[in-house]
Amino acid sequence: MKVGVVTFPGSLDDQDAARAVRFAGATPVSLWHRDSDLHGVDAVILPGGFSYGDYLRCGAISRFAPVMTSIIEQAKSGLPVLGICNGFQILCESHLLPGALTRNQGLHFLCGPQKIRIENTTSAWTSNFVQNREIVIPLKNGEGSFQCDDSTLAQLESEGRVIARYMGENPNGSRNLIAGITNARGNVVGIMPHPEHAIDSLTGPSTDGLAFFTSVLNSLVGK
Amino acid sequence: MALDTVAIASTTPDQVQPFAELGLKGDEYQRIREILGRRPSSSELAMYSVMWSEHCSYKSSKVHLRQFGEKAPKSDALLVGIGENAGVVDVGQGYAVTFKIESHNHPSFIEPYQGAATGIGGIVRDILTMGARPIAVMDPLRFGPADAPDTRRVLPGVIAGIGGYGNCLGLPNIGGEIIFDQTYAGNPLVNALCVGVMRHEQIKLAKASGPGNLVVLFGAKTGGDGIGGVSVLASETFGASGPAKRPSVQVGDPFTEKVLIECSLEIFAEDLVVGIQDLGGAGLSCATSELASGGSGGMEVELEKVPLRDPSLSPEEILMSESQERMCAIVEPSKIARFLEICEKWDVTVTVIGKVTDGDRLIITWHGEVIVDVPPRTVAHEGPVYNRPMAKPGYLDQLNAKVLDIPMPKNNPEIKAAILKLMSSANMADKSWVTAQYDKYVQGNTIQSQPQDSGMVRIDENTHLGVAISTDANASWSYLNPYEGAKLALAEAARNIATAGAKPLAVTNCLNFGSPEDPAVMWQFAETVRGLADGCLEMGLPVTGGNVSFYNQTGDVAILPTPIIGVLGVIQDVRTHMPMSFDVADLELYLLGETRADLAGSQWAYLHNERGGQAPLAHLKNEMSLIDLLLESQSLCNARHDVSQGGLTATLTEMVLENNIGATVTLEGDLATALLSETPGRVVVAVHKEKAQPLIALASKHKIAITRIGDTGGKSLTINDVALELNELRAAFTGTFPKLFG
C-alpha cells in the first residue's frame, strides 16, 4: 500500500506524516509540488506547515501547484486525501472541502495537547475509531478557526460530516467546535489538530493519532 | 553620489572621511590608512568599520576569551572549536552535533518582533553553515519588570517573533528561560540557541580555497535593511543631516529561510561546495572577507552582479546590508551546473558574483572599477584588540558584607502565603502562556521540552541516540560574584542535563554585559570568563564557541552580568530519559545534596528588593559527583527535578503540578530556610520504595547527602503542617502570565 505525502515549499510536517504512514504499515511516497504525476499512490496526505509562507492566505497558492491539479481530479473519483492543518487549509482553498480556516480567536499561535471527540467513523480516515471516542492529539496553528456560512454548517451537521470536535473550551473560535470535516463521499478529510504527532508516546501526547493512518489502509483493503 | 574608487582614494589622500560617525576611533582609522598605504575608499571604510565593530571583532573581549583555548580540558569530542560559525562535537555513531547561542538584544528592544525573529534566523543559518540540519531552538530571555508598560510592548513582540519565525522553519522550540529584572528595562536580552546534526564527513568550513573556484551568492535578494552606520556614510556625501536613510533593523522572511535550508542541505548532500558562509552581521563584507581570509586570501567580486530588491542601493550599502536569508558558497566550476539546478528546484535566487584567485587580496569591483582592494585578514581577523581597563566595582565589598534583611515567614499561615507569593511571582510563575506559542512537536523527535529541566531531541530513530541541552544563568549571583556566578551557571546547566539522564559533553555561552568602556563592567566580564574557563577545565567540558554582547546599558546603569551558559549532553537511549515529575502516587521523595542558608541572590531576596550578601561558592567536584550519581541511578528513578531559583518551593510545586499528583513532605530545621534557600548542587528524586535502598547506597558511594523528604500522592502539597490544595497552588502558579500579558 503506497501513501503519497506532498512536499510544498514551506511544508514542515511531511517527514512526520511519512513516519506515521510507516508506523501504520504502509509505504510513504514523497510527492513534489511541481510534479503532477502521483506515482500510483493509493492515498495522499497534505501535511502541515506554511506552504508558500502562507502568503496571500494559508493554502491559497498551494492550491494551484501542479500536484494539486492531479489530486483534485482524483479526489473527485474517490482517492482518499487527508489534509492536516495547512493541508486542511489547502483542501478548503481547493474547494474539496467547504468553509475556511481563519486566525485563532485569541490571535496567538497555539501549541499543545488537545482533546477531541471522533464523531464520524465512516470516512476513509476514521473508520478504525469507535464512535465518540475521545482522543488527545497536538493542536498547533495560528489560523485554525473553522468558519462557514449557516447553511453549510447545517448541512455538515445534518449529514454527519463533522468528523471531530474540540472538547472543553473552544481553543480557537471554530464554529460548533469543529476540528475536522469530511466531504460527502467520505474520502477527503481535513483536520486541524495533528494525528501524525501522536503515534508514539515518546514524542507525542499519546498514540491516538495512529488510527487515522490505519483507517485508510483498511478502507483501501476493503475496496 | 559619486563613486569613490581605489584609484580616486590613492590620489585624494586629504579627503575628510566620516570614520567617527561609523564608529571608528581616530587611531583605528589611522591603522586602516597604514594597512592600505593610502586612505580607504568609502567602500573599504564601510567594510572596516563594520568588521572592526565590537559586535564583529570582539576587540574588547578577545584578550579574555583566549582563556577558553588556553585552559581547554582535553576532550576527544571536539571536532571544530572556537572561531568557526559554530563549534562541532562528536556524539558517537558517526554523528556530529553543532550548537551555539547568539544575542539579538539591541534590535529586539527597537523592534521586538523582527529583532527576535531575525535572531532565530541568524543562529539557524550559523548552524546550517556548518553543514548541519538544524533540529531545535531554545531562547533564554530577560526583560524589565513584568508589570512595566514597556515590557508589555517588548515581551509579546519578542515571543511572537520567536514563534513566528521558528514555527515557520519547522524547528521545535525545546526550552529557554524568562527572567525579569529592573536592569533589563531598556535592555532586554534576546538570546537564541540552535542545535544541528550531521554526519562527521559533512562538516563544512568557511574558507575560499582553490583559485578559479566560483563565489556564489544564493538566497534572498539584497535590500536596504539592516544598514546601520553605513547610512551615515551615504548621507554624509550628500551633505545631509537628519534621520538615517535606511532602517537599521533587519526584516526576516522565514519561508525564504526554510527553502534556503532545504536547498542548502541538498547541495551539501551532493558535496557541491568547497566552503560556505552565511550572511549575517556585516553582510557581504563579513562573508567575503571571512571566506577569503579562511582560504588562501585571494578573491575577486563583481558587486554589481548582486541581485537587489532595491536598485537604488549604493555599493557601500550593498556591502553592508544585513538583509536576511542569504548564503555565500565557494563552488568548483565543474559542480556549478548541478548547484544551479538544485537552486532552481527550490526557486532560490542564485548568482555567481566572483571567483577565488591565487593572489592574496580581496578585490571588489563595481561596473569594472575597483572599489575595494584589501588584504582580507586585516578586515576579518586582524582587527584592533583592546586590553581595556578594569576595576572591581567600588560597591561590591559593601554589598557582599551586607547582612541580609529579608522578612522570613515564621508560622504556618506565613509559610503558605510565602509559597503562593513566590510561585505567582513573574520569575517563578508558569511560562506556558509563552511556550504554547511555540511548536514543540515538529520533526517528531522532541523527547523533552519546557518546563522540563532540559530540552531533549532524538537524533537517530533506529539507535535511539539523543542530545539534551540546557541554558542557565543566575545573574543575581553573578552580580554578587561574577567568578563564582559563571561556575554556578555552568554547574546548573550540566546538572539539568544529567537529571534527564544525559551526559554533559560541551559548553557554549552568550555573555551579556554592560559597556566595556566602564572598568567595573569590564571587571565583571573578565571575572566571568575566568570563572567559566576554570569551571570548564575542572569539569572537563570544552567551550565550543560563544557570543559576547556588550553595551547592554542605559546611561550609567548596566544590566546584571548575565552569562548564559549552554551545556549539551548525550543520551544513548532516549527511551530511558527521566522526566521532572512523577506520574504515580506512593513513590518516595529524596533530596540529593545539602541545604545551607543561601538566601543572597535568591528569588525570595529579589521579591524583597534585597541585592546584597555573598553568593554561594561553586563546589564543582561535588557537582561532578552528583552528575555521576544521577547518571548511574538512571534506572532506579521515576522522576528527578533540579533545585535552583525558587529553591525547594519551586521544585516541589513544579513536580506536583506537572501531572497533578500531590506530595506530603517533612522538612527538618528552619522551615522557611529549607523552602527558600537556593543552595546549588541539589536535586529532588522520586523512586519506588524497592529502589530506595540501591539509590541510598549509590549516593553514599558518590558522597552525596541524601535525605528522605516525603511521599507522592494526594491532591495537595503538604509540607510539615502547611497544606496547599493543588488547585489553589495551580491558580497562583498559572494565573500570572495570562493576567500580565493575555
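A word on the model: it is predicted, with local features needing pLDDT of at least 70 and side-chain atom pairs pLDDT 80 or more, while totals for chains, interfaces and linings use all residues. Residues are numbered from 1 along each chain as written, with chains lettered from A and ligands numbered from 1 in the order in which they are written.

Let's look at chain A as a whole. Its 5 helices and 11 strands are DSSP runs (helices H or I, at least four residues; strands E, at least two), numbered from the N terminus. Its radius of gyration, taken over C-alpha atoms, is close to the value from the globule rule (2.2 Å times the number of residues to the power 0.38), so chain A is as compact as a globular protein of its length.

| Chain A quantity | Value |
|---|---|
| Radius of gyration | 15 Å |
| C-alpha trace span along principal axes | about 40 × 40 × 35 Å |

Now to where the chains meet. The contact (C-beta atoms, placed from the backbone, within 7 Å) takes 23 residues from chain A and 23 residues from chain B. On the chain A side, α1 (14–24), β6 (110–118) and β7 (134–141) each supply at least two residues.

Over in chain B, 18 of the 18 residues of α7 are buried. Just after α7(B), B:Gly131 takes a positive phi of about 100 degrees.

Key: Buried ≥ 20, exposed ≤ 12 C-beta atoms within 10 Å, placed from the backbone. Contact = placed C-beta atoms within 7 Å.
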